[in-house]
Amino acid sequence: MKRYSAFAIAREAFRFHSGWERAWKSPTPKAEYDVVIVGAGGHGLATAYYLAKNHGITNVAVLEKGWLGGGNTGRNTTIIRSNYLQDESAAIFELSRNLYEGLSQDLNYNIMFSPRGVIMLAQTEHELRAWKRTSHANRLAGIQSEMVTPERIKEIVPIIEIDGPRYPVLGGLWQERGGTARHDAVAWGYARGASNLGVDIIQQCEVTGIDKTGGKATGVQTSKGAIKCKQLCVVVAGSSGVLADMAGFRLPVESMALQALVSEPIKPVLDCVIMANTVHGYMSQSDKGELVIGGGSDGFNNYTQRGSFHHIEETVRALIETFPIISRLKQLRQWGGIVDMTGDRSPIIGKTPVDGMFINCGWGTGGFKSIPGSGWATAEMLADGAPRDLAAPFTMDRFKEGRMIDESVAAAVAH
Ligand SMILES: Cc1cc2nc3c(=O)[nH]c(=O)nc-3n(C[C@H](O)[C@H](O)[C@H](O)COP(=O)(O)OP(=O)(O)OC[C@H]3O[C@@H](n4cnc5c(N)ncnc54)[C@H](O)[C@@H]3O)c2cc1C
């Protein structure tokens with residue numbers, strides 16, 4: 001792989017950009033791999049990358065039914081933060097946030113990580129108490145976050161209306177090192193890195209069946225033929241239930257569309273991410289100038305990967321109270337992605353009831369920020385055949401054992 005650098009750009013400028021090579025290879029699938037990963041979203045690609053980089057396991061295929069990053073990874077609102085309530089979540093999200101800080105250098109690919117800060121507003125007494133509790137938990141876990149006053153919030157976000165009629169701003173939880181990154185670039189960067197280390201990334205290859213011999217997963221049926229493997233790892237977010245069904249078990253996960261929209265581009269007005277969970281909406285400004293606005297999930301289970309009309313009014317109406325200036329903006333586009341929600345709003349990383357088959361799912365509305373840490377932990381699990389410390393709390397057994405990692409406060413709308 002040729003390295004990207006200022007020198008490379010200058011060199012290519014002199015030869016009419018004829019020397020760039022494809023960022024990742026598109027090989028025809030081999031008959032057999034050591035590891036087959038289903039799903040080329042951020043989590044599947046990061047898993048493949050760290051398997052190769054950290055564990056030297058390179059006989060790996062990532063199978064993707066569409067195009068890489070075309071699922072939730074390319075549809076999210078890119079918020080990155082680690083100020084979760086429970087220790088188990090804080091550990092994996094903070095590892096992720098840390099990895100994000102150096103990811104452009106590690107991958108030699110500009111993922112446009114922008115640690116612009118994330119404020120989670122408290123607009124009710126209950127929310128204020130919840131964020132205070134989270135900030136104490138964060139301090140104990142060694143994670144930077146702090147409570148800020150309404151006046152300080154007004155300084156950071158001049159367009160905010162802190163004395164709103166129904167929901168005045170009472171305070172906020174501020175994580176200064178949180179922010180955003182370019183979502184496609186995260187998928188593309190991991191794909192390029194993994195491909196360079198020898199991983200086969202196969203797009204337009206839908207897994208249609210899971211082969212088992214004596215209760216053990218031995219391969220997959222795909223739209224490009226059968227592929228055998230020693231280990232199978234399913235990382236398909238909203239389609240996890242469908243893949244589990246193919247393997248003959250059920251997951252404690254519900255799938256539904258989560259909604260987002262962007263405004264027309266305007267001059268810079270907002271240089272952090274701001275989340276208003278009580279009124280149910282959140283916002284940041286993209287580098288192009290669009291206000292990126294996230295809403296809630298559809299109130300019913302579905303696999304429709306598209307925008308729901310009623311969410312535009314619901315979300316914008318809610319946000320206008322706190323950010324009156326957005327009432328004068330035009331909407332540019334709207335979309336949805338199928339998220340996979342667990343009962344405690346924490347992910348599942350672990351073995352499945354089928355021997356040799358592993359799963360990483362349940363990141364729901366908040367798994368963009370966790371891509372590096374999740375890939376790291378899933379690669380450890382595949383290398384060892386069992387989850388290590390980081391992933392161990394997130395196995396599926398917790399739903400049987402009543403060992404929930406309750407992040408419902410953090411994940412209801414707060415991505
Ligand atoms: C509107 C929206 C806003 C969000 N905002 C945020 C946010 O601000 N911050 C945050 O942290 N998170 C956010 N999220 C959540 C985040 O996007 C997801 O948790 C994360 O992207 C999941 O990544 P993934 O790799 O697991 O799944 P995906 O990116 O969905 O990848 C799964 C892949 O599996 C493929 N696949 C499915 N079935 C098959 C099959 N049978 N065969 C082969 N391939 C298959 C799909 O095509 C897809 O490409 C948001 C999500 C949405 C939808």
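Predicted model: local features only at pLDDT ≥ 70, side-chain atom pairs only at ≥ 80, totals over all residues.
Residues are numbered from 1 along each chain as its sequence is written, and side-chain values use heavy atoms, with hydrogens and water left out.

View 1. The shell around the ligand holds 38 residues, a residue being counted as near when one of its heavy atoms lies within 4 Å. Glu64, Asn72, Thr73, Thr77 and Lys369 come nearest. An N or O atom in the side chain of Thr73 is 2.6 Å from an oxygen atom of the ligand. From the backbone, an N or O atom of Ile79 lies 2.9 Å from a ligand oxygen atom, and a polar backbone atom of Gly364 is 3.4 Å from an oxygen atom of the ligand. Polar contacts are pairs of N or O atoms within 3.5 Å; within protein, one atom must be able to donate a hydrogen and the other to accept it, and residues adjacent in sequence count only if both atoms are side-chain atoms. Taken alone, the ligand exposes 1000 Å², of which the protein buries 97%; accessible areas come from the Shrake-Rupley method with a 1.4 Å probe, and for residues only the protein chains shown count as cover.

**View 2. Composition of the ligand shell.** Two or more residues of the shell around the ligand come from each of α2 (42-55), β12 (253-265) and β16 (331-342). Helices (H or I, at least four residues) and strands (E, at least two) are DSSP runs, numbered from the N terminus. The element that gives the most is β12, with three residues. By class, the shell has 15 nonpolar, 18 polar and five charged residues. Here Ala, Val, Leu, Ile, Met, Phe, Trp, Tyr, Cys and Pro count as nonpolar, Asp, Glu, Lys and Arg as charged, and the others, Gly among them, as polar.

**View 3. The largest nonpolar core.** This core has 48 residues, of which Ile37, Leu45, Tyr100, Ile111 and Tyr190 touch the most other members. A nonpolar core is a set of buried Ala, Val, Leu, Ile, Met, Phe, Trp, Tyr and Cys residues joined through side-chain atoms within 4.5 Å; buried means under 20% relative accessible area, exposed over 50%, and partly exposed in between (1.4 Å probe, protein chains only). The largest share of the core, seven residues, comes from α2. Not counting residues up to four places away in sequence, Leu45 touches Gly39, Ala40, Val62, Leu68, Ala187, Tyr190, Ala191, Ala194 and Ile201, where contact means heavy atoms within 4.5 Å. Another core, of 28 residues, lies apart from it, with Ile210, Ala217, Ile227 and Cys229 among its members. In soluble globular proteins, nonpolar side chains tend to be buried together.

**View 4. Arg116 in a loop.** Arg116 is found between α4 and β4 (118-122). Its relative accessibility is 18%, so Arg116 counts as buried. Beyond its neighbours within four places in sequence, the contacts of Arg116 include Trp174, Glu176, Asp271, Cys272 and Asp287.

View 5. Gly172 counts as buried because its relative accessibility is 0%. Its contacts, leaving aside neighbours within four places in sequence, are Ile119, Met120, Leu121, Ala122, Glu146, Met147, Val148 and Ile153. Gly172 and Leu85 are 87 residues apart in sequence, and their C-alpha atoms are 15 Å apart in space.

View 6. Val292 is placed in strand β15, residues 290-297, and counts as buried at 12% relative accessibility. Leaving aside neighbours within four places in sequence, Val292 is in contact with residues including Thr77, Leu261 and Tyr282. Ile348 is found in strand β17, residues 348-351, and counts as buried at 0% relative accessibility. Among the residues that Ile348 touches, not counting those up to four places away in sequence, are Pro252, Ile359, Phe394 and Arg398.

**View 7. Two residues with positive phi.** Most residues other than glycine have a negative phi. Phe16, which is not a glycine, has a positive phi of about 55°; Phe16 lies in the loop between α1 (6-14) and β1 and counts as exposed at 76% relative accessibility. Thr78 has a positive phi near 65°. The place of Thr78 is in the loop between β2 and β3 (79-80), and Thr78 is buried, with a relative accessible area of 12%.
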